[in-house]
Amino acid sequence: MLRPTRVLSTLVGIVAMLGTLLVAGTPSQAAVPNRFGFVLWNGAAVVPGGTYPAATTVVPLAVGRYQVTFPGQGFSGGVVHVTAISNGPRWCQAEAWGPSGANEIAIIRCYRVGGVPDNSGFSAIFTTSSGPGASGPYGYVDTQPTGVIISQYNASGAGNLVTPLGVGQWSVKFPNIGSGGPIDGSAQVTAVGTVGTRCKIRNWTSIPAQQEVIVFCFNSAGALVNSRFTVSYQQKASLYGAGFPPQKFGYLWNAPPVGPAFTNFNSVLGYSANTLISAGPGLSLVTFRQIGFAPLTVQVTAAGSNSNFCGLNFPWTIAGVDLYVRDVSCYTNAGAAVNTGFTVSASSRV
């Protein structure tokens, strides 16, 4: 007959063994984000396949100005990114965001060439995180043009650093989430304010000590200008910081052409699995195999030193399990189609 203490010891051992097996057989769920939401607005209605939570709403407030309500996602801080969706040269930016009761409210502004407010479709995402738990090197900042950080996150727990380099130019450093480099992962940047402004990635570098993203911002005349902006860095994580789950996300840098292997990631197929082909002047068809599971969001940011900007010509499509971003569309400051660099990020809820 087993003594009670031996029975208890045996049970504890069995439970511990089962726990080990469960951890070994099941990917751990990241602790981040605290809250997040995304929305696809086609210019007339919310599109369910690009929207989470499902009850998210968009209300036009004026020409080119919209209120997005993410139900149940109210939380202080965080960042917003937004990409215009139009068959002409448009860009969108964030005006403001914050909690209203249990909900998160984001105000989006869209413009046409010349900085004139103009109605446009768009894809937008809000996310906020704290504490450890990102599945890979991940971080974000919302910063004033002076370099004073309004809100930030770093998967290592370190403080990020924003340094003005000149008018409309900044260095954003994410310490302790570095990698072998020279360039790994991806980034998205969005201007914040009430005056038409576009921000983009000049370039970024990866070293073991940190990730560094150089951000440039331009006014509607194409001149460098000081602006508030948000920037998110991701590596083997979704744009909202989590990974495994979600199981379906990816990113790609068009340098052009496509960038180094570690800037082209697919959560199902690994590195260099996503493809890009030209679809005409200033147009690129990007294909993310096996991650086409709605709801999902797609974001695009122009890359390079000039005032070119990028968006989407049409909303993305899903065929089978593949995601087709058709097409990333890029323009000069005057609105002429141009082949230029950009980053594109796709993140599913699944």
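The stops below cover the nonpolar cores, a serine in a loop and a hairpin in this predicted model.

**First stop: the cores.** Select Val172, Phe174, Val213, Val215, Phe229 and Val231, the residues with the most contacts inside the largest nonpolar core, which has 21 residues. Next, colour strands E12 (169-175), E13 (186-192), E14 (197-207), E15 (210-219) and E16 (228-234); each supplies at least two residues of this core. Then centre the view on Val231. Leaving aside residues up to four places away in sequence, Val231 touches His81, Gly139, Tyr140, Val141, Val172, Phe174, Gln188, Val189 and Val213.

**Second stop: Ser267.** Move to the loop between strand E18 (264-266) and strand E19 (270-271), where Ser267 lies. Is Ser267 buried or exposed? Ser267 counts as buried because its relative accessibility is 14%, below the cut-off of 20%. Display its side chain: it reaches the backbone oxygen of Gln247 at 2.5 Å and the backbone nitrogen of Phe249 at 2.9 Å. Beyond residues up to four places away in sequence, the contacts of Ser267 are Phe244, Gln247, Lys248, Phe249 and Ile291.

Select strand E20 (residues 275-280) together with strand E21 (residues 283-288), which pair in the antiparallel sense over five bridges. Within this pairing, Ile277 has Leu285 in E21 as its bridge partner. Finish at the turn: two residues separate E20 and E21 in this hairpin, and Gly282 in the turn has a positive phi of about 70°.

Key. Residues are numbered from 1 along each chain as its sequence is written. This is a predicted model: local features need pLDDT of at least 70, side-chain atom pairs count only at pLDDT 80 or more; totals for chains, interfaces and linings use all residues. Side-chain values use heavy atoms; hydrogens and water are left out. A nonpolar core is a set of buried Ala, Val, Leu, Ile, Met, Phe, Trp, Tyr and Cys residues joined through side-chain atoms within 4.5 Å. Buried means under 20% relative accessible area, exposed over 50%, partly exposed in between (1.4 Å probe, protein chains only). Helices (H or I, at least four residues) and strands (E, at least two) are DSSP runs, numbered from the N terminus. Contact means heavy atoms within 4.5 Å. A polar contact is a pair of N or O atoms within 3.5 Å; within protein, one must be able to donate a hydrogen and the other to accept it, and residues adjacent in sequence count only if both atoms are side-chain atoms. Two strands pair if DSSP finds at least two bridges between them.
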